[in-house]
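Please look at the sequence and the model below before reading on. The text then goes through the structure part by part.

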Amino acid sequence: ALKTLKQRGSLMIALPTSNHPNTFLYLSYLRRCTTERIRILPTPKLNRNPVYVLVQNIDIESDGVSSFVAFLESTDVTAENDSKWSIASWEEARPAFEECRRD
């Protein structure tokens, strides 16, 4: 989806709240793709656990977008790569958490 955005476009994705390490990995990458605040929106349906993430004003020419696309294209989803798809420590997750906790 990042490759098809127009410059300063917006992206909304759903992320699982049941897999915090993976969700914070995505948030950590996404926050480097924009200068705007990332918005976290709850799912309006009971008994569903995803949250919607709205990222606006994405700079498709930024290093943040380039590094995220490179990660997505080069990292297969396999058991061997499981740790690459997760944030391993609070120190890594803290910046994304601090930015999004207002929502």
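The paragraphs below take the sheet, then the helices, then the aromatic side chains and a few single residues.

This is a predicted model, in which local features need pLDDT of at least 70, side-chain atom pairs count only at pLDDT 80 or more, and totals for chains, interfaces and linings use all residues. Residues are numbered from 1 along each chain as its sequence is written, and side-chain values use heavy atoms, with hydrogens and water left out.

Helices (H or I, at least four residues) and strands (E, at least two) are DSSP runs, numbered from the N terminus. Three strands form an open sheet in the order β1-β3-β2, with antiparallel pairing; two strands pair if DSSP finds at least two bridges between them. At the edges lie β1 (9–16) and β2 (39–42), each of which pairs on one side only. On average, neighbouring strands of this sheet are turned by 25° against each other, direction ignored. Axes here are lines fitted to C-alpha atoms, for helices over the stretch in contact, and angles run from 0 to 180 degrees between N-to-C directions. Strand β3 (residues 50–58) runs antiparallel to β1 and is joined to it by seven bridges. Within β3, Val51 stands opposite Leu15.

Helix α1 (residues 20–30) packs on the sheet and touches β1, β2 and β3, its direction making about 165° with that of β1. Contact means heavy atoms within 4.5 Å. Of the eleven residues of α1, nine are buried, and the helix is mostly covered. Buried means under 20% relative accessible area, exposed over 50%, and partly exposed in between (1.4 Å probe, protein chains only). Among the buried residues of α1 are Asn22, Thr23 and Leu25. Their cover includes β1, β2, β3, α2 (63–74) and α3.

How does α1 meet helix α3 (residues 90–100), and at what angle do they pack? The angle is about 75°, and the axes are 9 Å apart. α1 and α3 are therefore roughly perpendicular to each other; the cut-offs are under 35 degrees for roughly parallel, over 145 for roughly antiparallel and 65 to 115 for roughly perpendicular, with the rest oblique. Phe24, Leu27 and Ser28 of α1 make the contact with Glu92, Ala93, Ala96, Phe97 and Cys100 of α3. By class, this contact has six nonpolar, one polar and one charged residues. Ala, Val, Leu, Ile, Met, Phe, Trp, Tyr, Cys and Pro count as nonpolar, Asp, Glu, Lys and Arg as charged, and the others, Gly among them, as polar.

A search of the whole structure finds five aromatic pairs. Rings of Phe, Tyr and Trp (its six-membered ring) pair if their centres lie within 6.5 Å; planes under 30 degrees apart count as stacked, over 60 as edge-to-face and the rest as tilted. The rings of Tyr26 and Phe68 have centres 5.8 Å apart and planes at 80°, so this pair is edge-to-face. The pair links distant parts of the chain, with Tyr26 in helix α1 and Phe68 in helix α2, 42 residues apart. Phe68 counts as buried, at 4% relative accessibility. One aromatic cluster is formed by Tyr26, Tyr29, Phe68, Phe71 and Trp85.

Helix α2 also holds Asp63, which counts as exposed at 68% relative accessibility.

Most residues other than glycine have a negative phi. Asn57, found in strand β3, has a positive phi near 60°.
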